[in-house]
Amino acid sequence: MAGVFPVPVKTTGRKQWTLYNGGKGIKRLGSPLMDDDWCPDSQVVLAKKLLDEKCDLDVDQEENARLGVYWLIKASEQGHQEATDLLSHCLQTGQGICEHNYVDVRACLDMPQEEKLARCAARKVFESMSAGEDFITSDQLQDRMTRLDEQKGQRVEDQPSTSSGETTDPDSLLIFLC
């Protein structure tokens, strides 16, 4: 598992976060890894680090807390239960909550876990179909639906899975949810 450590910046005195990924070298956060569908476990680790870090300036502490809440929202939207629990705690204590993220926090906490998982699966199916575009064509959708109808008779156990038994193929997730 990757670790996240603050690195002091000499020009401003503020910290920048650097991801140390074992022996594979250093990657700056803000790379393509840091998109909305980044590993939710890593998002929670980063959020905890941001929420727990003690800073010399109150402004830095508040900014870190808001960033921590941001990453908790992203992880919770992907169905990560610990992120949802931490987000609820932040709302109760007010840590990292501001007028800009309050609505997102409430919406995330009010959404049922099943809906979060279904939305996440739907995003993955869309990404696999869209070929990098912001849309899918009706032909692409019809082809995918035809394949799903053909696969629907198969049992979920026959689908590719990870060592933990979770399906990894977006089509398998969609079949499972249907």
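Select Ser76 first. Ser76 sits in helix α2. The model is predicted, so treat every stop on this tour as a stop in a predicted model.

Is Ser76 buried or exposed? Its relative accessible area is 0%, so Ser76 is buried, since the cut-off for buried is under 20%.

Now show what surrounds Ser76. Leaving aside residues up to four places away in sequence, Ser76 touches Ala83, Thr84, Leu87, Cys108 and Lys116. Gln113 lies 37 residues from Ser76 along the chain, and their C-alpha atoms are separated by 8.7 Å.

**Stop two: α2 and α3**

Keep α2 in view and select helix α3, residues 81-93. The two axes come within 8 Å. They cross at roughly 140°. α2 and α3 are therefore oblique to each other. Their crossing is left-handed.

Which residues of α2 meet α3? Pick Val69, Leu72, Ile73, Ala75 and Ser76 on the α2 side. On the α3 side, pick Ala83, Thr84, Leu86, Leu87 and Cys90. Color this contact by class: eight residues are nonpolar, two are polar and none is charged.

**Stop three: α2 and α4**

Select Val69, Ile73, Ser76 and Glu77 in α2. These meet Asp104, Val105 and Cys108 in α4. The residues of this contact divide into four nonpolar, one polar and two charged. Ser76 turns up here, and it was also part of the contact with α3.

Move back along the chain to Leu50. Leu50 belongs to helix α1, which spans residues 40-52. Its relative accessibility is 3%, so Leu50 counts as buried. Leu50 and Gln61 are eleven residues apart along the chain, with 8.4 Å between their C-alpha atoms.

Next, click on Glu53. Where is Glu53? Look in the loop between α1 and α2. Glu53 has 9% relative accessibility, so this residue counts as buried. Draw a line from the C-alpha atom of Glu53 to that of Ala65: the two are 8.8 Å apart in space. In sequence, twelve residues separate Glu53 and Ala65.

**Stop five: α5 and α6**

Jump ahead to helix α5, residues 113-130, and helix α6, residues 138-151. Their axes lie 11 Å apart. The angle between α5 and α6 is about 120°. α5 and α6 are therefore oblique to each other. Here α5 passes α6 in a right-handed crossing.

Select Val125, Ser128 and Met129 in α5. They meet Gln140, Leu141 and Arg144 in α6. By class, this contact has three nonpolar residues, two polar ones and one charged residue.

**Last stop: the whole protein**

Zoom out and show everything as a cartoon. How many helices and strands does the protein have? Count seven helices and three strands. Trace them from the N terminus: the order is β-β-β-α-α-α-α-α-α-α.

Switch to a surface view. The accessible surface comes to about 11,400 Å². Carbon and sulfur atoms hold 52% of that surface. Of the 178 residues, 29% count as buried; Ser76, where the tour began, is buried.

Take the contacts with a separation of 6 or more: residues 24 or more positions apart account for 45% of them.

How values were computed
Residues are numbered from 1 along each chain as its sequence is written. This is a predicted model: local features need pLDDT of at least 70, side-chain atom pairs count only at pLDDT 80 or more; totals for chains, interfaces and linings use all residues. Side-chain values use heavy atoms; hydrogens and water are left out. Helices (H or I, at least four residues) and strands (E, at least two) are DSSP runs, numbered from the N terminus. Buried means under 20% relative accessible area, exposed over 50%, partly exposed in between (1.4 Å probe, protein chains only). Contact means heavy atoms within 4.5 Å. Accessible areas come from the Shrake-Rupley method with a 1.4 Å probe; for residues, only the protein chains shown count as cover. Ala, Val, Leu, Ile, Met, Phe, Trp, Tyr, Cys and Pro count as nonpolar, Asp, Glu, Lys and Arg as charged, and the others, Gly among them, as polar. Axes are lines fitted to C-alpha atoms, for helices over the stretch in contact, and angles run from 0 to 180 degrees between N-to-C directions. Angles under 35 degrees count as roughly parallel, over 145 as roughly antiparallel, 65 to 115 as roughly perpendicular and the rest as oblique. A crossing is left-handed if the near helix is turned anticlockwise from the far one by less than a right angle, and right-handed if clockwise.
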